[in-house]
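The following note sets out numbered points on the model shown here. Please read each point alongside the sequence and the coordinates.

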Amino acid sequence: MNEKETKRISKFLSLLLRHKPEKIGLTLDKNGWALVDELLIKSKKSGTSFTKEDLDYVVMTNDKKRFSFNDDKTKIRASQGHSIKNVEVFTKTQTPPPFLYHGTVAKFISSIKEIGLQKMNRQHVHLSLDKETAIKVASRRGKPIILTINTDEMYQKGYKFYLSDNGVWLTDNVPSHFIQFKN
């Protein structure tokens, strides 16, 4: 499979498994899992055809590990980034490291200083384990500014954290007083 085809399928999966399963009538359970056979059949009927082997390749080679299979590969889901309200991928909280990072750009800094980091149209705020990953994420929108989040203090004050299958840390919001604005 070539890179263009891999990217096309990956974007299609992101749309379906994170945001709009109804586009092809796909059913997700409460934890975001879709049946692989249903995905393949309904995708083909909608005009986007791919095989189980193609799907396996996309899941295994995605650099951000956006998707995962269950143990017997009969189900697939997006690792995080859902905007679907009735899907909750994470049920078990995790203890975060003392500090995590969030990449952003200058145009959002004044809002973040005022109201903190908000999940906006997603289910969670996304945080990175290292500055390099946060830089990569923010670079898609312009010159990156990296914020350091005092997750230890947040956790001690009762904020919940989840760790996605692909290593992204998630929380509901980050009030500005937990954010260090200097790189």
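Predicted model: local features only at pLDDT ≥ 70, side-chain atom pairs only at ≥ 80, totals over all residues.

1. Lys-23 is in contact, meaning heavy atoms within 4.5 Å, with Leu-15 and Leu-16, once neighbours within four places in sequence are left aside. The residue is located in the loop between α1 and β1; helices (H or I, at least four residues) and strands (E, at least two) are DSSP runs, numbered from the N terminus. Lys-23 is exposed, its relative accessible area being 56%, where buried means under 20%, exposed over 50% and partly exposed in between, with a 1.4 Å probe and protein chains only.

2. Residues are numbered from 1 along each chain as its sequence is written, and side-chain values use heavy atoms, with hydrogens and water left out.

3. Helix α1 (3–19) has 17 residues and reaches 23 Å from its first C-alpha to its last, close to the 24 Å expected at 1.5 Å a residue; the expected span is 1.5 Å times one less than the number of residues. Its buried residues are Thr-6, Ile-9, Ser-10, Phe-12, Leu-13, Ser-14, Leu-16, Leu-17 and Arg-18. These buried residues of α1 pack against β1 (34–35), α2, α3, β2 and β3.

4. How are α1 and α3 packed, and at what angle? The angle is about 85 degrees and the axes are 10 Å apart, with axes taken as lines fitted to C-alpha atoms, for helices over the stretch in contact, and angles running from 0 to 180 degrees between N-to-C directions. The angle therefore makes α1 roughly perpendicular to α3, given that 65 to 115 degrees counts as roughly perpendicular, under 35 as roughly parallel, over 145 as roughly antiparallel and the rest as oblique. From α1, Thr-6, Ile-9, Ser-10 and Leu-13 meet Asp-54, Leu-55, Tyr-57, Val-58 and Thr-61 in α3. By class, this contact has five nonpolar, three polar and one charged residues; Ala, Val, Leu, Ile, Met, Phe, Trp, Tyr, Cys and Pro count as nonpolar, Asp, Glu, Lys and Arg as charged, and the others, Gly among them, as polar.

5. The largest nonpolar core has 22 residues, of which Leu-13, Leu-17, Leu-39 and Ile-76 touch the most other members. Such a core is a set of buried Ala, Val, Leu, Ile, Met, Phe, Trp, Tyr and Cys residues joined through side-chain atoms within 4.5 Å. Two or more residues each come from α1 (3–19), α2 (36–45), α3 (52–61), β2 (67–69) and β3 (75–78). The largest share, five residues, is that of α1. Another core, of 14 residues, lies apart from this one and includes Ile-109, Val-125, Phe-161 and Ile-179.

6. In α2, the buried residues are Val-36, Glu-38, Leu-39, Leu-40 and Ser-43. Their cover includes α1, β1, α3, β2 and β3. Gly-47 follows α2 and has a positive phi, near 100 degrees.

7. A positive phi is also found at Lys-73, near 60 degrees, in a residue other than glycine. Lys-73 belongs to the loop between β2 and β3 and is partly exposed, at 41% relative accessibility.

8. Is Ser-128 buried or exposed? Ser-128 is buried, with a relative accessible area of 10%. Its position is the loop between β6 (125–127) and α5 (131–138). Not counting residues up to four places away in sequence, Ser-128 touches Leu-100, Tyr-101, Thr-133 and Ala-134.

9. Two further exposed positions may be recorded. Asp-63, in the loop between α3 and β2, is exposed at 59% relative accessible area; its C-alpha atom is separated by 23 Å from that of Pro-21, 42 residues apart along the chain. Gln-156, in helix α6 (residues 151–156), is exposed with a relative accessible area of 59%. Gln-156 and Thr-95 are 9.7 Å apart, C-alpha to C-alpha, and 61 residues apart in sequence.
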